[in-house]
Amino acid sequence: MKYVPPLAGAEKEGTTRVPKKNKRVLTFFLSMRIVIICSGSQGDVQPCLALALGLIKRGHSIVMVCNRRYKHLVSSYGVRWSQLSGDPQALLSSPEGQKWLANGDVAKFFSMMTDMLKQNWDNIVQDLDAACSTAECIITTQLGVSAAYW
């Protein structure tokens, strides 16, 4: 397959628009395998899903790594899903989590999240390794960073 520069065959000189006949060739060279790691509530997952859909429209291959709770949501949009162990939403729904939400104790929240990560660490590492092993780009949210690096 031959590389065709974006300006080749453009209707007007100086334009950066890629003619239709060249888009297939450029997509082959510019598409990436991207993994998006997101954890948290649906409010954390939905923006990542919107990003995934935009990247898919641009020809990229996307895998979203998130909790099982969001598998149906992600899959219903045709985005590949991969598991991320642990469930912050379940933690916040627990009696201890509800107590934290009522008091707003940030230190307690991070303590609870750290405990959840420690309990699920081996599974989280396996999940991330499986999902990211062939990735060319990894995008993560703040809570996803917690899962990836704690």
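1. Leu-53 is partly exposed in this predicted model, its relative accessible area being 26%, and the residue belongs to helix α2, which spans residues 42-57. Leaving aside residues up to four places away in sequence, Leu-53 touches Tyr-77 and Val-79.

2. On the cysteines, a search of the whole structure returns zero disulfides. Cys-38 is in no disulfide, since its nearest cysteine sulfur, that of Cys-48, is 4.0 Å away, whereas a disulfide requires the sulfur atoms to be within 2.5 Å. Cys-66 is likewise in no disulfide, and the nearest cysteine sulfur to it, that of Cys-38, is 4.6 Å away. As for accessibility, Cys-38 counts as buried at 0%, and Cys-66 is buried with a relative accessible area of 0%.

3. The largest nonpolar core holds 17 residues, of which Val-35, Ile-37, Val-65, Leu-84 and Leu-128 touch the most other members. Two or more residues come from each of β1 (33-37), β2 (61-66), α4 (88-93) and α6 (106-132), and α6 gives the most, with nine residues.

4. Val-65 deserves a separate entry: not counting residues up to four places away in sequence, Val-65 touches Val-35, Ile-36, Ile-37, Cys-38, Ser-82, Gln-83, Leu-84, Leu-128 and Ala-131. A second, separate core has 16 residues, including Leu-49, Ile-62, Cys-66 and Val-79; Val-79 is also one of the residues that Leu-53 touches.

Note on methods. Residues are numbered from 1 along each chain as its sequence is written. This is a predicted model: local features need pLDDT of at least 70, side-chain atom pairs count only at pLDDT 80 or more; totals for chains, interfaces and linings use all residues. Side-chain values use heavy atoms; hydrogens and water are left out. Buried means under 20% relative accessible area, exposed over 50%, partly exposed in between (1.4 Å probe, protein chains only). Helices (H or I, at least four residues) and strands (E, at least two) are DSSP runs, numbered from the N terminus. Contact means heavy atoms within 4.5 Å. A nonpolar core is a set of buried Ala, Val, Leu, Ile, Met, Phe, Trp, Tyr and Cys residues joined through side-chain atoms within 4.5 Å.
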